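Hello,

Here is the model we talked about. Please look through it, then read my notes below.

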Amino acid sequence: MKLAYWMYAGPAHIGTLRVASSFKNVHAIMHAPLGDDYMNVMRSMLERERDFTAATASIVDRHVLARGSQKRVVDNILRKDQEERPDLIILTPTCTSSILQEDLQNFVERASLISNSSVIFADVDHYQVNENQAADRTLEQVVRYYLDRSHTQEALDQFVTSVPSVNIIGIFTLGFHNQHDCRELRRLLRDLDIEINQIIPEGGAVEDLKDLPKAWLNLIPYREVGLMTAMYLNKEYAMPYISTTPMGAVDIAECIRQIHKKIDTLASGSSNKRVDCEPFIDAQTRFVSQAAWFSRSIDCQNLTGKKTVVFGDATHAASITKILAREMGIHVSCAGTFCKHDAEWFKEQIQGFCDEILITDDHAEVGDMIARVEPSAIFGTQMERHIGKRLDIPCGVISAPVHIQNFTLGYRPFLGYEGTNQIADLVYNSFALGMEEHLLDIFGGHDTKEIMDKSLSTNIGLIWNPESRLELSKIPRFVREKVEKNTEKFARQKGIKTITVEVMYAAKEAFGS
Amino acid sequence: MSVKIDETLTVECETGNYHTFCPISCVSWLYQKIEDSFFLVVGTKTCGYFLQNALGVMIFAEPRYAMAELEEGDISAQLNDYEGLKRLCIRIRRDRDPSVIIWIGTCTTEIIKMDLEGMAPKLEWEIGIPILVARANGLDYAFTQGEDTVLAAMAHRCPEPLRERKEMKQKVLAFPSREKDELHEYANHPSLVLFGSLPSNVVSQLNLELRRQSIKVSGWLPAQRYTDLPPLGDGVYVCGVNPFLSRTATTLIRREKCELIGAPFPIGPDGTRAWIEKICSVFGVEARGLEEREEQIWESLKDYLDLVRGKSVFFMGDNLLEVSLARFLIRCGMIVHEIGIPYMDKRYQAAELALLRDTCTRMCAPIPRIVEKPDNSNQIRRLRELRPDLAITGMAHANPLEARGISTKWSVEFTFAQIHGSANARDLLELVTRPLRRQRNLEHFGQNTLVRKNNNC
């Protein structure tokens, strides 16, 4: 048992649901008590999704505790099958169902005999894995299921495409800037004359998964989700994969070179002669991306030696640390991640780019570290943003968990060459705001609200009695002034000298607000 | 399955596959209401993640609640629950020094049968802070019913009413002028305690409404501080202000021997008037000026009423305020197609249901269908057929419905906004009309349906 106020990664079923609801025409049924279906709310709110989220609950209530839920689960699966005709139904366990220890696998087998849709049981353990790990595992499970099925039906077409092509694996719903990153990756690959075979899970159709092996190789942009699938495809279908995140000019170049090298090896027998990628990388780095120039500009000189702290998921924290240190010359005092299961990889990545490394999923520990280091800017999650607010340190958000403001309508990729521009803006704006704030502090600020207030106040001759004064203090601060003014106006109109609680509410009714 | 309440109102029951908030969400408003409390939710990551997402920004403001997150060892009983909870509660005492710790039991503690009620008194004695237990879990309850479980637990801790007249007299001597005023101001009636958690401004407003009728409110359950819980017992009259407090009502009657005043709830000017009238009639006080006051309020709402008149509403149901809200909206001239509701206590809500029926008759409106434990997929099908002007629904369905050209109002806002009493009727209509006003403002923008054809299922 541990005391917890906040967590960086959600419970396992959220990961499974995110993968399921990213595919087209896949329905997830949660075996869960009332109220556990708030993933729908997150998706509908944060992503402003226009469609109903294809995730519903098979409710566990008192009856289920007494008699078991088998009939109900099977009925709910068959009902969804009838109503929505999905290609696939994924039965998702929650923490509640994993302690009930019902044989959900068995229900799935029974339901799949009757249902038109395929039915699988998400193989995730609530007490072992978190949201990201569960998403990774579920994606692999779905891919494996469809490839195995095609294999037994001998419908599998393993011939690769005639022109070089890749699968992008790991773009999905509620991912940090995933939609924009996906568009940016498409553009990058198009510029390199590489076709995209499939993008999964976002927008993918499960019936098409059998064609995954047609691609020449797999690209895994994020460390957290997709690696298991890539390893599986590598083992079973000998598909190579690239897992270098194309974030920041140096790593983008590295990623492109790796892709080229793999394609050259695979194409060695054919007549497809690849052009050299170095001129492309050079032109993009120096002129399409503004980031390299920006690092050399006078603006960026001012950032030299400024202390920063980076915290986030493994992918983003590692990449941003490297960008700050290597591409912008900014001092990273501490870099950390909450992906404890991937700590080794993380440490290896940022070796030499920062003074210290913090691996924890306790936000209090991160807060203490920030307070101790006193950086000029923080790059972290929403939690670090709030820590920064409390300590008066600006923060740029670079990783999930995030709020609705990180699901921007405008184009804001973190990957690719446009991503380097976005990141440069983010970094620079965080510091600039910080510096402006310091200047304001030194010169006493330009906020004259205090004085303005006094001259506007006309409460001469009006007395607030102690009760009404107390009542007024209970009103939320942002409307208090308005209430005060309206009440006084009302009192003056009515010729009332002493303001009581009654006068306050009579005024409220009179002004109708 | 349907049950007749009287000759005209029937309650249907569907499958219970609907979306609502988990009842543990009640900590979000109760910790703010009860200033010296600390809420400890004993559950898993799932509960924690829900609170963290549902409460949004609040979570960063050093809230007085936390999760006692159960790990695998706790589930398999390898660790000692009592020692675990003791360790956490001692830490909470050290860091926050609350006057009461409230344990919120969850689905997990139910399933592993963790004996919270058994452990609480022992630990309370050991660490010297009152510990209450409320089983606000998703196996049994929906959303606002969480508050009901907490208040029911709290009712047991209210002190006995003062019997010694002597003490009262001493007080009179100490502040002679003031006490005389008070005696003069109020009618002679038994002590009245109101139950239901409301923001302190709304508490003052309702107290004031009753004071106008010379009725004195002796206390509220809950009070602003745990240490100020009102005396309860034989001869104390109680009245609810919210429709989801049936367990609390039952506890007050059965365990605390209080007299329950069954009234409609003070939501909307009509509800507020009926609520005051009922209390007055129980105490034999003649209500004064209520009719004029109600008229005045309706008059001041005219601009909003013009906007809603004749428009239709569909309540999908998730917070148990639905019957009262529907009754108010029908009185405003709206047509209600369906009242979805998670749970219907026909005894506790009897007066409210009667007022609903009377309002329908008065307004010549059809009696809406009441659906308990609704089924969201069936409801969405009905919504597509009826195409109401407004659907009051949870956030899971709001954006998808808007994209299909159906205006929605997020139901949770009704639980967080100030909607009680005559003075707040305008705020209530402000909420209801907001989607309609937006619709009007965007009229010339076109584009009402924003899904692709093949998605418009």
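**Chain A overall**

Of the 513 residues in chain A, 56% are buried, where buried means under 20% relative accessible area, exposed means over 50%, and partly exposed lies in between (1.4 Å probe, protein chains only). This is a predicted model: local features need pLDDT of at least 70, side-chain atom pairs count only at pLDDT 80 or more, and totals for chains, interfaces and linings use all residues. Residues are numbered from 1 along each chain as its sequence is written, chains are lettered from A and ligands numbered from 1 in the order in which they are written, and side-chain values use heavy atoms, with hydrogens and water left out.

Chain A has 22 helices and 16 strands. Helices (H or I, at least four residues) and strands (E, at least two) are DSSP runs, numbered from the N terminus. The C-alpha trace of chain A spans about 95 × 70 × 40 Å along its principal axes. Among contacts in chain A with a separation of 6 or more, 72% come from residues 24 or more positions apart. Contact means heavy atoms within 4.5 Å.

**A helix pair in chain A**

Two packed helices are described by the angle between their axes and the distance between the axes. In chain A, helix α10 (residues 249–267) packs with helix α11 (residues 278–288) at about 160°, and their axes are 10 Å apart. Axes are lines fitted to C-alpha atoms, for helices over the stretch in contact, and angles run from 0 to 180 degrees between N-to-C directions. α10(A) and α11(A) are therefore roughly antiparallel. The cut-offs: under 35 degrees is roughly parallel, over 145 roughly antiparallel, 65 to 115 roughly perpendicular, and the rest oblique.

Which residues make the contact? From α10(A) they are A249(A), A253(A), I256(A) and R257(A). From α11(A) they are E278(A), F280(A), I281(A) and T285(A). By class, the contact of α10(A) with α11(A) has 5 nonpolar, 1 polar and 2 charged residues. Here Ala, Val, Leu, Ile, Met, Phe, Trp, Tyr, Cys and Pro count as nonpolar, Asp, Glu, Lys and Arg as charged, and the others, Gly among them, as polar.

**The annotated residue**

UniProt, in an unreviewed entry, places the feature "active site" at D299(A). UniProt positions follow the numbering used here, feature names are shortened, and annotations may be inferred rather than shown by experiment. D299(A) sits in helix α13 (residues 298–301) of chain A. It counts as partly exposed, at 37% relative accessibility. Leaving out residues up to four places away in sequence, D299(A) touches F294(A) and Y428(A).

**Backbone points to check**

- A cis peptide bond joins I200(A) and P201(A), with omega about -5°. P201(A) is in strand β7 (residues 195–201) of chain A.
- L221(B) and P222(B) are also joined by a cis peptide bond, with omega about 0°. P222(B) is in the loop between β8 (217–221) and β9 (237–240) of chain B.
- Q101(A) is not a glycine, yet has a positive phi of about 55°. It is in the loop between α5 (95–100) and α6 (104–114) of chain A. Q101(A) is exposed, at 69% relative accessible area.
- R387(B), not a glycine either, has a positive phi of about 40°. It lies in the loop between α17 (376–386) and β14 (390–393) of chain B. R387(B) is partly exposed, at 45%.

**A covered helix in chain B**

Helix α2 (residues 45–54) of chain B is mostly covered, with 7 of its 10 residues buried. Those buried in α2(B) include Y49(B), F50(B) and L51(B).

Best regards
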